[in-house]
Amino acid sequence: MSDLEAFRAEARAWVRENAPHSLRGTSGSGPFEGYWGGTKCEESDRDLLRWRDLGIEKGWTAPSWPKQYGGGGLSYEQEQVIHAEMKAIGVPRPVAGQGLAMFGPVLLEYGNDAQRAQHLPGIARGEVRWCQGYSEPNAGSDLANLQLKAERDGEEFVLNGQKIWTSHANLSDWIYCLARTDPNAPKKQMGISVILADLNTPGITVRRIDLISGYSPFCETFFDNVRVPVSNLVGEENKGWTIAKAILGHERSSIGRSIARQPGSAQSDVVARARKHLGVPEGEIPDPLLRDEIAALGMLEEAFHLTLARNQQSAESGTPGAEGSITKIVGTELKQKRFELGMKVAGIQGLGWEGPGFDDDDLEYTREWLRSRASTIEGGSSEIQKNIVSKRVLGLPEGKK
Amino acid sequence: MSGHRAPMLLLNDEQQMLSKTAYEFIRERAPAARLRTFRDSKEEVGFSREVWNEMAELGWLGLQIPEQYDGLGLGFFDLCVVLEQSGRELMPEPFVSTLLLGTQVLLLGGTEAQKKALLPGIAAGAALVTLGYEEAHLRGGASKLGTVARKSAAGFELSGEKVQVLDGHLADRIIVSAATSDTDYTLFVVDPAQSGVTTVRQARIDGLNAAIVELNGVAVGSDDIVGELDGAAPLLQSVFDRAAVGLSAQMLGASEQAFADTIEYIKEREQFGVPIGSFQALQHRAVAVYTELALTRSVVLAAARAIDEAPNDVSRLASLAKAMASETFMHAAKEAIQMHGGIGVTDEHDIGFYIKRAQAAYMSFGKPSQHRQRWAELHGY
């Protein structure tokens, strides 16, 4: 048995011994499912909190981070194995969220020791929640057009401007921002820096944005003469674009995976809705065209999960393939197709916004359908993803956008 | 895969080596341009016996055949590794007829005597064994076979006509389905040299060789029955599941090659002073094909693995693989022609061969829509 296989047996035993039974089968074990933590967290599920504490104690909330920063000191391959074992029984990771999935890895690669010591343990313990300040009203797909100003004033940066789509800024403790430190740089990708800010700093205001679904996971974050120490600069000044791209890479593959949920759940969800709304409690659904559409969805779903598994196996074997690049494109497409079909089988019962005549499940479903429209936009639109795959994987020449 | 651990979807070191060796051999010895030569020469053997024999010497024809019948005793997964590479160049050699139909019928239903008589010859490249199951009047989905087996003093007499029997005009043995009662049918091994058998070669778009096989009172004994008397239906179902998976592996390879050739072309072809591959309209469509290829690879590997390791999941995954590989291959082939532009619709260029094979493969062993219906049944809706 190889060392990794021996470790797999150990990880499996630990996960199965310790994961609370109430959490099993509830999660696709993606990096954004489960306990997000932070000082504003009001989580009351005891099993979730117990699972968090067990994970922290074992060092497996951030298995591949160094032990000194609250991690487990394991290899990337071992971390993959641990997450696969959690996924195998459908439990969430003990701690989830932006800090672990995106900001932490960047700080490990580009930050300095003081920054790592200051921020990583709080992330690994789920005590500090982070959000991301990337997009601006005039910097969406063309992110490098960002204008949040960061001017040096002695030992401080003074931030002025606005970020948008800062997910859960209202529930977060800190924000990592892309800011323009050199407005005169010859190319807009130059002159950008990564700067951290405590959201309690005077001058920061957060406003929630309502979506078409009525949900509000997103915020606008305004900066009005916000002063942060220069030690909050990550990496080199004016060289932040490289870091930004690295973070986006983490984000995109994470979004795709986090959408995955439990294998088979999209199909069974649509079948259940079809049974409910068509009044066919069991057996064959008497509409061959609908069966065909549901089967096509179920097949896409299984193909997606098998592809995620194949990527995972490649990563564990130390030769990651290029297929991870399509994770977000396919995962978000799958999600949208699922909700579209679920809405279609509901007919006019899917048209309710609130109030009498509609049951809670249908009202919730309709809003999730609306929410799903954002999935092919946020974190880099599908079109931007295709540009990236085209250039980096297929090696096609860059053209005019 | 709900509730299960995902199957192993990577090739081991030996399989990677096999894949690489097969790739290089086939690129060198069996390029797709041969299809044009075979078609125009109208020679009786529409493929290369020499290449087939060389592949036998390399052990590739007997990969899955057990060692006691002179094979290597490996799995169906290993066979799929070679099939994928054979698909890249659309090889017309008898992979489908002999390795996916004849061999699988014998492995799943053959008697010890039948296996001893035929499998060593298949592994050695000497024997071609095919299956005759299509009939002209079955096109509309009629389930009753026109080919019948009448009881005779010595056994049975077979009469009827099979069409598009792959390599039927060359085969050493043809296994045919024939009605043995009002409701059931049976498989029989027929030697084409027997009296009453006539074969007429057919020409198809895809370059695979086929023939009409007429049976006119062909005498067979009960020891020529494969599987159970009246028991052909479940046996054929298992054979077609395997054939669908093996064909999907070929379709995967073919799609990969058509796509790779297309990407090369759009990087080089210039219009408006730039490579056409710099246009976003083509780039996004290319990524759509790339995406389907990645998904299809996963399902084909999973289905091939199931044949060796998870027999209860074979039908479901065979339907998944066949449905997706068929759609992906057709999509890749259509986009290949469109992106090649005018040259893509000429007979001079090889890229046009891919859509012909795609259409034939799409229609073989169940269309995607049929597999989606079966998938729905297997999932209980």
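This briefing walks through a two-chain model, topic by topic. The model is predicted, and local features need pLDDT of at least 70, side-chain atom pairs count only at pLDDT 80 or more, while totals for chains, interfaces and linings use all residues. Residues are numbered from 1 along each chain as its sequence is written, and chains are lettered from A and ligands numbered from 1 in the order in which they are written. Helices (H or I, at least four residues) and strands (E, at least two) are DSSP runs, numbered from the N terminus.

**Where the chains meet**

- Chain A puts 41 residues into the contact and chain B puts in 36; two residues are in contact if their C-beta atoms, placed from the backbone, lie within 7 Å.
- On the chain A side, the elements giving two or more residues are α7 (265–278), α8 (288–316), α9 (327–346) and α11 (382–393).
- The top contributor on that side is α8(A), with 18 residues.
- Sorted by class, the side of chain A that touches chain B has 21 nonpolar, twelve polar and eight charged residues. Here Ala, Val, Leu, Ile, Met, Phe, Trp, Tyr, Cys and Pro count as nonpolar, Asp, Glu, Lys and Arg as charged, and the others, Gly among them, as polar.

**A hairpin in chain A**

- Strands β2 (residues 149–153) and β3 (residues 156–164) of chain A pair in the antiparallel sense over five bridges; strands pair if DSSP finds at least two bridges between them.
- D153(A) has E156(A) in β3(A) as its bridge partner.
- Two residues sit between the strands of this hairpin, where G154(A) takes a positive phi near 65°.

- W165(A) is not a glycine, yet it has a positive phi of about 60°. You'll find W165(A) in the loop between β3 and β4 (174–180) of chain A.
- W165(A) is buried, because 22 other C-beta atoms lie within 10 Å. The cut-offs run like this: a residue is buried if 20 or more other C-beta atoms lie within 10 Å of its own, exposed if 12 or fewer, and partly exposed in between, with C-beta atoms placed from the backbone.
- N225(A) also isn't a glycine and has a positive phi of about 50°. N225(A) lies in strand β7 of chain A and counts as exposed, because it has 11 C-beta neighbours inside 10 Å.
- S231(A) lies in the loop between β7 (218–229) and β8 (233–234) of chain A. S231(A) counts as partly exposed because it has 13 C-beta neighbours inside 10 Å.
- S231(A) and F157(A) are 74 residues apart along the chain, and their C-alpha atoms are separated by 9.4 Å.

**Strands in chain B**

- Strand β3 (residues 156–166) of chain B is mostly covered, with eight of its eleven residues buried.
- Four bridges join β3(B) to strand β2 (residues 148–151) of chain B, and the two run antiparallel. V148(B) has S159(B) in β3(B) as its bridge partner.
- β2(B) and β3(B) form a hairpin with four residues between them, and G155(B) in the turn has a positive phi of about 155°.
- β3(B) is also joined to strand β7 (residues 209–220) of chain B, by nine bridges, again antiparallel. L166(B) pairs up with A210(B) in β7(B) as its bridge partner.

**Helices in chain B**

- The axes of α4 (residues 76–88) and α8 (residues 280–309) of chain B come within 8 Å and cross at roughly 150°. Axes are lines fitted to C-alpha atoms, for helices over the stretch in contact, and angles run from 0 to 180 degrees between N-to-C directions.
- That angle makes α4(B) roughly antiparallel to α8(B) (under 35 degrees is roughly parallel, over 145 roughly antiparallel, 65 to 115 roughly perpendicular and the rest oblique).
- F76(B), F77(B) and C80(B) in α4(B) meet A304(B), R305(B), I307(B) and D308(B) in α8(B). This contact has five nonpolar, no polar and two charged residues.
- Helix α5 (residues 95–109) of chain B has 13 of its 15 residues buried.

**P275(B)**

- P275(B) lies in strand β10 (residues 274–275) of chain B and is partly exposed, because 18 other C-beta atoms lie within 10 Å.
- Not counting residues up to four places away in sequence, P275(B) touches P397(A), I266(B), K267(B), E268(B), R269(B) and E270(B).
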